[in-house]
Amino acid sequence: MQSTQDSRGIARVNGIAINGADEDVAPDELRNRACTELLRQAAQQAGLLSASDEQSADGLISEEAATAIDTLIGQAVQVPEPSEEACRRHYSAHLGRYTVGQRARMRHILFAVTPGVDVNALRGRAEAVLIDVRAHADGEDPFPDAARQNSNCPSSERGGDLGWLAPEEVVPEFARAIFGQHDIGVLPRLVHSRFGFHVIDVQEREAGTVQPFEEVRGTVAASLRQQSFATALRQYVALLAGKAVLEGVDMDIADTPLVQ
């Protein structure tokens, strides 16, 4: 894989532009466009898509290209059926995912990641607040004031109070940090979600009931198949990227969603 920089700020995949000269595209979006273009070109080379099909500079592809890419992925990315042992091992390691009825009453302080923000400086602010609210003396509760002064969430008006929440009511990365655990109090580390950095105080928990393996065997297998598929797709796109001439885009396949 070769990567050079176009002086006009245009990124290309094998000579095909994936953004306009005056278009401000975030790095993640640019990588997504590059992945899609790699797959579109591979579909053409495989005879699944007409050579006359063209990529637009705004990242949109034709309906024919989308269909061809789906067919290409179906042919190129094969995943094995997970074994019974693998399913049971995954189930045992992630019991929280297969627990119903669990809830947690919590508060949080959100440090939102917005366009142009200095993420390192923001993380530093969040870490300082985390230390402050964890270091309070017995009988003191600095969390509500810290939330009102620092949080970018509407809950700041209530001192960060989120009330009782179940796993399905929050984003997955938030749920993974909170549920399936036993900790009560301010969590010792920041939780990083798609919204930013969270300082979280778990005040109460309701444990819920773990579903028997036999009842969730299909769900467990589907989860393992999806994991295997995502890994195989990343490997396939990385292989395509390694053979391509890339200009103006840094490909980090490990951090690219690869959602079609």
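This report walks through the aromatic pairs, nonpolar cores and salt bridges of a predicted model.

## Ground rules

Since the model is predicted, local features need pLDDT of at least 70 and side-chain atom pairs count only at pLDDT 80 or more, while totals for chains, interfaces and linings use all residues. Residues are numbered from 1 along each chain as its sequence is written, and side-chain values use heavy atoms, with hydrogens and water left out.

## Aromatic pairs

Rings of Phe, Tyr and Trp (its six-membered ring) pair if their centres lie within 6.5 Å; planes under 30 degrees apart are stacked, over 60 edge-to-face, and the rest tilted. That rule gives two aromatic pairs. One is Tyr91 with Tyr98, tilted, at 5.7 Å centre to centre and 35 degrees between the planes. The other is Tyr91 with Phe213, edge-to-face, at 5.4 Å and 70 degrees.

Tyr91 sits in helix α3 (residues 84-93) and Phe213 in helix α7 (residues 213-243), so this pair ties together parts that are 122 residues apart in sequence. Helices here are DSSP runs of H or I with at least four residues, strands are E runs of at least two, and both are numbered from the N terminus. Ring pairs make a cluster of Tyr91, Tyr98 and Phe213. How buried is Phe213? Its relative accessibility is 5%, so Phe213 counts as buried (under 20% relative accessible area; exposed is over 50%, partly exposed in between, with a 1.4 Å probe and protein chains only).

## Nonpolar cores

A nonpolar core is a set of buried Ala, Val, Leu, Ile, Met, Phe, Trp, Tyr and Cys residues joined through side-chain atoms within 4.5 Å. The largest has 28 residues, and Leu38, Leu39, Tyr236, Leu246, Val249 and Met251 touch the most other members. Helix α1 gives the largest share of this core, seven residues. A second, separate core of 14 residues includes Val129, Ala147, Val186 and Val199.

## Salt bridges

With a cut-off of 4 Å from a side-chain nitrogen of Lys or Arg to a carboxyl oxygen of Asp or Glu, the whole structure has 15 salt bridges. Arg40 meets Asp53 at 3.0 Å, N to O, and both residues are buried.

Arg107 is buried, at 10% relative accessible area. Its side chain meets Asp141 at 3.0 Å and Asp201 at 2.6 Å, N to O. Asp201 lies in strand β9 (residues 196-206) and Arg107 in strand β5, so their pair ties together parts that are 94 residues apart in sequence. Elsewhere, salt bridges with shared partners join Glu84, Arg88, Glu214 and Arg217 into one network.
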